[in-house]
Amino acid sequence: MMANVIDTAAIQPVKVSRLPKIFAAFKAAPVIPLTIIVVFVLAALLADLVTFHDAYQVKLPERLVPPAWVGDTTVMKTVSETVAIDELEKKITLTKASAIDSSSQVGDRIEVVVRQGGSWSRPLGTDPLGRDILTRIIYGARVSIIIAGAALAIGGGFGTLVGLTAGYYGGKIDTILMRFADITLAFPLILFAILLVMVLGPSMMNVIIAISLVLWARYARVIRGEALGLMQRDFIARARVSGASDWRIMMRHLLPNVMPTLIVLLTLQVGWVIIVEASLSFLGAGIPPPTPAWGGMLSEGKEYVSTAWWVTTAPGVAIMLVVMAFNLCGDWLREKLDPKQRSI
Amino acid sequence: MQRYIIRRVGESLLALFALSIIIFLMVRMTGDPALLMLPPDAGAERLEEIRHSMGLDKPLVVQYGLFVRDYSTLSFGNSLRTQTPVYDEVKDRLPNSLKLVGTAMVIVVLIAVPLGVLSAVCKGTWIDTLATGFAVLGQAVPVFWLGILMIQLFTIKLGWLPSSGMGGLDHYIMPAFALGFFTVAAIQRLLRSSLLEAMDSEYIKLARIKGLSEFKVVWKHALRNSLISVITLGGIYIAILVTLGILVEVVFAWPGMGRLLFQGIVFRDFPVVQAVVLMSAAIVIFSSLVVDIAYAYLDPRIRLQ
């Protein structure tokens, strides 16, 4: 079997480019969700550059202007009396509609504009206080990203630390820490956050505190489970033999190995934090007005559902798209990084 | 089994204890709790009175004792807005909320289970794609916006359904569907994946070899085992329904606890908010206890652990 003998001396070290690997990693990446996330992040970062209106300034005469693609809303009216014409004229000056033909006679059917159509200077229309909705959506992205980022950094960071500690030391420390985590997980988050915000007062900081206070428990639980499994492995024992400190083993040996799980969990929870924040703002226990927050915008618009649908539609669509994008990316990452859970 | 029940009851009591401690300390650490319990224009005498009744001049342990005594006898104090005992309002509204959540639960089971089975059986076909797309949507659409969209379509455009308040059966349709949507999506996804896993197992192969009809294989053998993964999370689903119920009640002006809570937030009525939050949390903790015990009863693997 001469053919199977390999001349080891002849083997040259082959320089492998990493580029194909990186490309392969992005093969089958969810393009649309990733695009949505990029747009969302860019909008939040560059809000001042990409908007042309003030997000706060109230302009009552320009209230409830419909989106650009909506034309004039008109109704047919019969001119019945001179008084009626006066009335119509009054209405027309109010809505700034085109002038009616002064030659209209009693009995004529005329078209009266009750609401002017939108214009491209305000693509998504204006809200009940005359503020540009697109501008507020873009600034709202900034609010969402700050809250999601801060809550995940604080809650996720603390939870990971707790999880690593519990998994590393085991025994009594593990039992006590996990009992705390379970109790925290038993609380309905929104209820807890409402109470906290009521006591501390509504502000962005307090919303972040409230969400982080509950968020850590899930990380603690998941990371602890992973760490527990890793503790049985040889490399931990070897690290210990070589004299590494507890902290070093946790940070340099455990943490990198739980990273994939951590990244998946973080991605999957961005959407969740955004929905919780929107729910709190919707209930009036979140970001206080006039700061543009998507949940708050929905809340302000809910009185106008029958007359101005666009006020609630824009923030609703924004929340839905961003949350869906993060969820889909999280699912994709999970499949990529964690083949064990591929079926879920 | 007995040991399991004792452990779970202990855990629930611990959770309630932790909740009460957190609220107790939170209120006392951030300022004068007497100010939270009275309207801003209350006189110095009333303040002294409430300070005395809450025991604010006594040690913390005594204060906590008084706190627990008041809440376990359901005296939540007076509403700042109406000056009537909060308990009276809660008592009237609690059944309404339970009716809504109960209806939503029935809808969830009736839709989610067939949908999950259907998408697993028809894996890879357009039915599966549709059901999965529906699940992805269900987990991304905020429930309060869904409610608003439903009102826009079914009340304003079509005029089929009433948009607010309680009344006949037609008042339940929109709120209950909006409330159940998220949970349907979550259960559909979970059931689909656990069914697919079950269909690969040995006992299903055996059932097929035995010559059972496909219907029996799926609905009797595979589903029964897959449902366990859903029931495990039953407590969490109830917690989700109770929480989302608050938002749905606000959108549909449902005269329940959620709307009471919302009014409490708007009017900065702390006793009302505190009472609703405490009671809802207690309901969630209690129902997840019941679910877990029922689950242990159904599944010997848990019971005998």
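## Reading a two-chain predicted model

Modeller: Reading from the N terminus, the elements of chain A follow the order α-α-α-β-α-β-α-α-α-α-α-α-α-α. Helices (H or I, at least four residues) and strands (E, at least two) are DSSP runs, numbered from the N terminus. Residues are numbered from 1 along each chain as its sequence is written, and chains are lettered from A, ligands numbered from 1, in the order in which they are written. This is a predicted model, in which local features need pLDDT of at least 70, side-chain atom pairs count only at pLDDT 80 or more, and totals for chains, interfaces and linings use all residues.

Biologist: How many helices and strands does chain B have?

Modeller: Chain B has 14 helices and zero strands, while chain A has 12 helices and two strands. The C-alpha trace of chain B spans about 80 × 55 × 30 Å along its principal axes.

Biologist: What pLDDT does chain B average?

Modeller: pLDDT is the predictor's confidence in each residue, from 0 to 100. Chain B averages 84, and 98% of its residues score at least 70. For the complex, the predictor gives an ipTM of 0.86 and a pTM of 0.83.

Biologist: What percentage of chain A counts as buried?

Modeller: A residue is buried if 20 or more other C-beta atoms lie within 10 Å of its own, exposed if 12 or fewer, and partly exposed in between, with C-beta atoms placed from the backbone. In chain A, 39% of the 344 residues are buried; in chain B, 37% of the 305 residues are.

Biologist: Why does helix α9 of chain A lie largely in the open?

Modeller: Helix α9 (residues 234-241) of chain A has eight residues and the number buried is zero, so it lies largely in the open. After α9(A) comes A:G243, with a positive phi near 90°.

Biologist: How are two packed helices described?

Modeller: The description uses the angle between their axes and the distance between the axes. Axes are lines fitted to C-alpha atoms, for helices over the stretch in contact, and angles run from 0 to 180 degrees between N-to-C directions. Helix α5 (residues 133-169) of chain A packs against α12(A) at about 30°, with the axes 10 Å apart. That makes the pair roughly parallel, a label for angles under 35 degrees; over 145 is roughly antiparallel, 65 to 115 roughly perpendicular and the rest oblique.

Biologist: Which residues of α5(A) and α12(A) meet?

Modeller: Two residues are in contact if their C-beta atoms, placed from the backbone, lie within 7 Å. From α5(A), A:I133, A:I137 and A:G140 meet A:W310, A:V311, A:A314, A:P315 and A:A318 of α12(A). By class, this contact has seven nonpolar, one polar and no charged residues. Ala, Val, Leu, Ile, Met, Phe, Trp, Tyr, Cys and Pro count as nonpolar, Asp, Glu, Lys and Arg as charged, and the others, Gly among them, as polar.

Biologist: Where do the axes of α5(A) and α8(A) come?

Modeller: The axes of α5(A) and helix α8 (residues 204-230) of chain A come within 6 Å and cross at roughly 35°. Their contact has 22 nonpolar, seven polar and three charged residues.

Biologist: How many residues does each chain give to the contact between chains A and B?

Modeller: Chain A gives 36 residues and chain B gives 41. On chain A, the elements giving two or more residues are α6 (171-186), α7 (189-200), α10 (246-283) and α12 (310-337). That side of chain A has 26 nonpolar, eight polar and two charged residues.
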